[in-house]
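Biologist: I am new to this structure. Please take a close look at one part for me, the domain interface.

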Amino acid sequence: MERIIIREGSLKKLKKLVEEVSPYKTVVITNTTLEKLWLNEILDQIDAIPLVIPDGEEFKSLNTAEKIWKNLIEIGFTRKSLIIGLGGGVVTDLAAFVASTFMRGTYLGLIPTTLLAQVDAAIGGKTGINFEGKNIIGTFYLPNFVLIDPKILKTLPKIEILNGFGEIVKYGILDRNVFNKLNFLKNPNEELIKECVNVKLGIVKEDLRERGKRRILNLGHTVGHAIEKVSGYRIKHGFAVSIGLMASALIAEKINGFDSAIVERLLEKFELPNKHDLDSKELLKAMKSDKKSWYGKLTFVLPEEIGKVNIENVSEKTVLKVLEELKDDSSIN
Ligand SMILES: NC(=O)c1ccc[n+]([C@@H]2O[C@H](COP(=O)([O-])OP(=O)(O)OC[C@H]3O[C@@H](n4cnc5c(N)ncnc54)[C@H](O)[C@@H]3O)[C@@H](O)[C@H]2O)c1
């Protein structure tokens, strides 16, 4: 299992972590935004070659991976070399994908720099690139280390902090400890990030390849993925998930009497959207064709109470009704 370090100021420990891996060579994959903000602090500590890609989801592609593979060959990289991914989920997914495929797997270290990547994308061993659709090509590959320094979030725009809270509220529904913390907290801190990472690790440890228990991490994602897709990815992942969490809460209320106001209050507290302005039938269609749907069935993770969820098939009629309840054409995300 990978080493995960979560501490304010821990970026300074990178040199020691790299020495422990003892790589033949090291590259840092990052993007043009992080290059200006945080790359120097890394290059001051370790001897590494930077590979800088443009900023944007569209660069999480086979084309970028191919360019990096070529660079690695030119550099004389081997599987005893280390790839460090410095960035948000786009960079960590791509760097991990490249590391898992180059010569059947190199050493890998991740330094997630967005809240979303710190609590989710860099944790749990999923790698991916977009190919004809989002995350269609990917592998499961655990990094040698993940270095999470909350200090890095100080340069992150507020909208990206809110985006991360979409996933954090999800952890709050899955886990009572996170829920309790969220009640008296407004900004992310080391302790909250640790709690969230622990929830994810606890689940992934039992089911790396998402055959069973890991599916509960998809809470809010059945509707969330559909919202991302139908909006043409105009709506960010964390915001799509937050609308999805509201949908799951309302469906659960109809099926098992869950109090959906609990979720509504949390989303409001963290300034997250709970309404959409999309066509409900289009959303339903997208849900049925999602790679995580099971032969077109509408499967939902539904909260029963805070800290307890069930996975259930839900009828089209119920889903459509809730999507219509959540429709608000004035909600611009
Ligand atoms: N592998 C997984 O389990 C998993 C889970 C969730 C999401 N993801 C993937 O993660 C990606 C989304 O990740 P994201 O939300 O981090 O977006 P992102 O990587 O695009 O980062 C968002 C923006 O913030 C900028 N940025 C990053 N760190 C910064 C910092 N410290 N200071 C200033 N600017 C900074 C980036 O350059 C970018 O412009 C998607 O591709 C998604 O598929 C993967």
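Modeller: The domain assignment gives domain 1 (3-155) and domain 2 (158-325), with bounds that come from an automatic or database assignment. The model is predicted, so to speak of a local feature requires pLDDT of at least 70, side-chain atom pairs count only at pLDDT 80 or more, and totals for chains, interfaces and linings use all residues. Residues are numbered from 1 along each chain as its sequence is written, and side-chain values use heavy atoms, leaving out hydrogens and water.

Start with the overall layout. The C-alpha centres of domain 1 and domain 2 are 27 Å apart. Domain 1 brings 19 residues to the contact and domain 2 brings 25; contact here means heavy atoms within 4.5 Å.

Next, the area. Domain 1 and domain 2 bury about 2,000 Å² between them. That is the accessible area (1.4 Å probe) that two parts lose on being put together, summed over both. Carbon and sulfur atoms carry 70% of it. In domain 1, Leu 115, Val 119 and Phe 140 lose the most area to domain 2. Together they make up 30% of what that side buries.

Now the polar side. Across the interface of domain 1 and domain 2 there are two salt bridges. A salt bridge puts a side-chain nitrogen of Lys or Arg within 4 Å of a carboxyl oxygen of Asp or Glu. The interface also has six residue pairs in polar contact, both residues at pLDDT 80 or more. A polar contact is a pair of N or O atoms within 3.5 Å; within protein, one must be able to donate a hydrogen and the other to accept it, and residues adjacent in sequence count only if both atoms are side-chain atoms.

Which elements does domain 1 use? β1 (3-6) and α6 (115-121) each supply at least two residues of the side that touches domain 2. α6 gives the most, with five residues. Helices (H or I, at least four residues) and strands (E, at least two) are DSSP runs, numbered from the N terminus.

By class, this side of domain 1 has 11 nonpolar, three polar and five charged residues. Ala, Val, Leu, Ile, Met, Phe, Trp, Tyr, Cys and Pro count as nonpolar, Asp, Glu, Lys and Arg as charged, and the others, Gly among them, as polar.

Lys 200 pairs with Asp 120, and their closest N and O atoms are 2.6 Å apart.
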